[in-house]
Amino acid sequence: DGEVHINELKNGNAEMFWNPTSEVRRQRLKRHIVLFEEQTDFESERLWQHVTSAINKGDQHKATQEKFVLEEEQRNAARERRENGTEWKPLLFRHDATTNEWHYKYEDLRPWDPLNDIAQFEKNGILQTMERHLSTRMSNHKTTCINNQITRHKRSAKDCRRRKASDQPSNHSQNTESSCSTPESVQELSDDDGKYLAITGLCAQCGKEMNHLKEIHSAVLSLQRAQQDIHR
């Protein structure tokens, strides 16, 4: 989020390549870090704190010294493991024998999806992405509506049986029995959704919300495909 200049060594010309506006600076991703006092000895910020401090002070000699101390400690530890026959087993990295390179086990190379990905966080050294799933939300909402409707129908059925068992039938009880056996009306829905709601007994408001979520989900899928095309 700072200025970037291009210096042409052949002719000495310099030009501005990137100069972010204040709005661009405000949009930078929030940095989430573990509190320094909660970090273990081998976490980068704590391990390299003296090197970092020297660099920030502009003391290159001190930074080089501190870096040498760290690297020498690592060499000695590796030498001791080799002498004791102790095998080093990394928890978060795997070795590729073909390329002789180390790779992070939990790397996620897919493009960031701003419509579905909320935040990326680290837990026990494992990078994870918190996501929102419209389909899951729709399913949960639908299940809740169905369960509520079943509960209401069970209560209505019990009331109906009580009234039928009464020795004093009346017009009021007959009307109640009729209302108990009549399904709730559903309006402003498509044929398929209307059939589904008629079977499950979902209310009209829930049906509208379900249709709205479907439209959002369809739009999200379209945007994801466009994003994948752009990425390619």
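1. Ala, Val, Leu, Ile, Met, Phe, Trp, Tyr, Cys and Pro count here as nonpolar, Asp, Glu, Lys and Arg as charged, and the others, Gly among them, as polar. On that basis, the lining of the largest pocket holds 19 nonpolar, eight polar and eight charged residues.

2. The model is predicted: local features need pLDDT of at least 70, side-chain atom pairs count only at pLDDT 80 or more, and totals for chains, interfaces and linings use all residues. Residues are numbered from 1 along each chain as its sequence is written, and side-chain values use heavy atoms, with hydrogens and water left out.

3. The protein chain contains eight helices and six strands (DSSP runs numbered from the N terminus: helices H or I of at least four residues, strands E of at least two). Their order along the sequence is β-β-α-α-α-α-β-β-β-β-α-α-α-α.

4. Strands β5 (residues 117-123) and β6 (residues 126-131) run antiparallel and are joined by six bridges; pairing requires at least two DSSP bridges. Ala119 lies opposite Met130 of β6. Two residues separate the strands of this hairpin, in which Asn124 adopts a positive phi near 55°.

5. Of the 232 residues in the protein chain, 13% are buried (under 20% relative accessible area, 1.4 Å probe, protein chains only). Among contacts (heavy atoms within 4.5 Å) with a separation of 6 or more, 24% link residues 24 or more positions apart.

Methods. Buried < 20%, exposed > 50% of the residue type's maximum accessible area, 1.4 Å probe, protein only.
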